[in-house]
Amino acid sequence: FVWILSRLTPHSSSPPSPLLLLSLPPPSVFYLLLPPPLSTASSSGTVGCQTIRSMPAGKRVQAKNLSNHIGQVVRVVGRVQQVDDQKDAKIELEPGLVVTIIRPNAINYKSGIVEVIGMVKDANNLEEMKSIAFNPDFDLNVYNQMLAYTNGKYASLFR
């Protein structure tokens, strides 16, 4: 699968720059490719791309399904409840379902909503490999509905 996204820069008069996100089936990795600034384009006019990060392609799961993925890399999105910079963080994935994130990168938890990619230790604990701050007005209810479809009734379409 390939997604082409548009990165918008607030208060900028320049047009948005495209982002290219490649998603390969597990156990592959995700690659986020960004074109370098146009001022660094080669003399041939080719802009090229640079790999920003690669990581295991964890499956997006609901809180109730974490126990089915012990020892696996997953992705979860939740509302930050509590953060201890050196130890752990607590995030609410669904109303009333809180998980503990072990060794969080606390800077990403300041937005209030965070996606965590990590190894499932047990049904209530996830060891962070990477975290991504989301916009504070991200709608977790819509996200959880999407997960219900992609991991439930329409799962065959997303494998």
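Let me start with confidence. The protein chain has a mean pLDDT of 74, and 64% of its residues reach 70 or more. Keep that in view, since this is a predicted model.

Among the elements, strand S1, residues 2-7, has the lowest mean pLDDT, at 43. Strand S9, residues 113-122, has the highest, at 94. Over residues 1-52 the pLDDT is below 50. That stretch still has 74 contacts in the model beyond near neighbours in sequence. Where pLDDT is low, the predicted coordinates should not be read in detail.

Next, the overall layout. There are 10 strands and 1 helix in the protein chain. Going along the sequence, the pattern is β-β-β-β-β-β-β-β-β-β-α, with the helix, H1, covering 140-153.

How do the residues pack? If we take contacts with a separation of 6 or more, 40% of them join residues 24 or more positions apart. Of the 159 residues in the protein chain, 33% are buried.

Now the outside. The protein chain exposes about 10,000 Å², and 56% of that comes from carbon and sulfur atoms. On the surface there is a nonpolar patch made of Tyr149, Tyr154, Leu157 and Phe158. Together these four residues have about 460 Å² of accessible area.

Is Phe158 buried or exposed? Its relative accessibility is 52%, and the cut-off for exposed is over 50%, so Phe158 counts as exposed.

That is my part.

Definitions and conventions. Residues are numbered from 1 along each chain as its sequence is written. This is a predicted model: local features need pLDDT of at least 70, side-chain atom pairs count only at pLDDT 80 or more; totals for chains, interfaces and linings use all residues. Side-chain values use heavy atoms; hydrogens and water are left out. pLDDT is the predictor's confidence in each residue, from 0 to 100. Helices (H or I, at least four residues) and strands (E, at least two) are DSSP runs, numbered from the N terminus. Contact means heavy atoms within 4.5 Å. Buried means under 20% relative accessible area, exposed over 50%, partly exposed in between (1.4 Å probe, protein chains only). Accessible areas come from the Shrake-Rupley method with a 1.4 Å probe; for residues, only the protein chains shown count as cover. Patches are made of residues with over 30% relative accessible area and no salt bridge: like charges are joined within 9 Å, nonpolar side chains (Val, Leu, Ile, Met, Phe, Trp, Tyr) within 5 Å. A salt bridge is a side-chain nitrogen of Lys or Arg within 4 Å of a carboxyl oxygen of Asp or Glu.
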